[in-house]
Amino acid sequence: MENCLFCKIINKEIDSSIVYETDNVLVFKDINPKAPVHFLMVPKKHVKSIMEIEELGYDTIKEMMDMVVKIAKNYELSKDGFRIVTNTGIGAGQSVEHLHFHIMGKRKFGWPPG
Ligand code: AMP
Ligand code: ZN
């Protein structure tokens with residue numbers, strides 16, 4: 001998708017610090033981390049938000065959920081707790097209109113979120 005920041009990162013037109021890459025999914029470090037571990041996981045196919053997630057198909061959706069578990073294991077996030085966030089829409093603070101999951105860990109998280 002033209003003019004989409006995360007599509008440009010996926011296409012390597014913009015540099016990022018890549019954590020994992022498969023044919024369908026990219027995980028990279030958030031440029032402005034809000035936790036000691038703060039990754040963004042995106043499908044390579046452009047979909048605007050979780051409201052269009054069906055467009056990805058079951059295999060990619062499952063791959064992303066499996067990827068969360070793999071990251072939690074590899075970075076030892078689950079013992080002390082970690083958080084996955086998908087801001088959806090302006091009111092929730094979504095600033096990039098390409099579906100992304102924040103994966104954050106290694107600090108204490110409050111509830112409810114702001
Ligand atoms: P959201 O506000 O939920 O849409 O999340 C967008 C996230 O993208 C924010 O946490 C930003 O810090 C992050 N971000 C913006 N530009 C970049 C970039 N060039 N590389 C990595 N992360 C970015
Ligand atoms: Zn995109």
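Helices (H or I, at least four residues) and strands (E, at least two) are DSSP runs, numbered from the N terminus. A residue is near a molecule or strand if one of its heavy atoms lies within 4 Å of it.

This is a predicted model, where local features need pLDDT of at least 70, side-chain atom pairs count only at pLDDT 80 or more, and totals for chains, interfaces and linings use all residues. Residues are numbered from 1 along each chain as its sequence is written, chains are lettered from A and ligands numbered from 1 in the order in which they are written, and side-chain values use heavy atoms, with hydrogens and water left out.

**Stop 1: the ligand**

Select ligand 1. Around ligand 1 are 16 residues. Which of them come nearest? Pick out Asp30, Asn87, Ser95, His100 and His102.

Now show polar contacts, meaning pairs of N or O atoms within 3.5 Å; within protein, one must be able to donate a hydrogen and the other to accept it, and residues adjacent in sequence count only if both atoms are side-chain atoms. Start at Asp30: an N or O atom of its side chain is 2.5 Å from an oxygen atom of ligand 1. Move to Ser95, where a polar backbone atom is 2.7 Å from an oxygen atom of the ligand. Then find Gly93. A backbone N or O atom of Gly93 sits 3.0 Å from an oxygen atom of ligand 1.

Taken alone, ligand 1 exposes 510 Å², and the protein buries 84% of that. These accessible areas come from the Shrake-Rupley method with a 1.4 Å probe; for residues, only the protein chains shown count as cover.

Next, colour the shell by element. Helix H1 (5-10) and strand E2 (25-29) each give two or more residues to the shell. H1 has the largest share, with three residues.

**Stop 2: the salt bridges**

A salt bridge is a side-chain nitrogen of Lys or Arg within 4 Å of a carboxyl oxygen of Asp or Glu. How many are there by this rule? The count is four.

Select Glu21. Its side chain meets Lys12 in a salt bridge at 3.1 Å, N to O. Glu21 also pairs with Lys44, at 2.7 Å. Lys44 lies in the loop between strand E3 (37-43) and helix H2 (58-74), and Glu21 in strand E1 (residues 18-21), so this pair ties together parts that are 23 residues apart in sequence.

Check the surface here. Buried means under 20% relative accessible area, exposed over 50%, and partly exposed in between (1.4 Å probe, protein chains only). Lys44 is partly exposed at 23%. Glu21 is partly exposed too, at 38%.

Go on to helix H2. Asp66 and Lys62 both lie there, four residues apart, about one turn of the helix. Their closest N and O atoms are 2.7 Å apart, in a salt bridge.

**Stop 3: the core**

A nonpolar core is a set of buried Ala, Val, Leu, Ile, Met, Phe, Trp, Tyr and Cys residues joined through side-chain atoms within 4.5 Å. The largest one has 19 residues. Select Val27, Phe39, Met41, Met67, Ile71 and Ile103, which have the most contacts inside it. E1, E2, E3, H2 and strand E5 (101-105) each supply at least two residues of this core. Which element gives the most? Finish on H2, with five residues.
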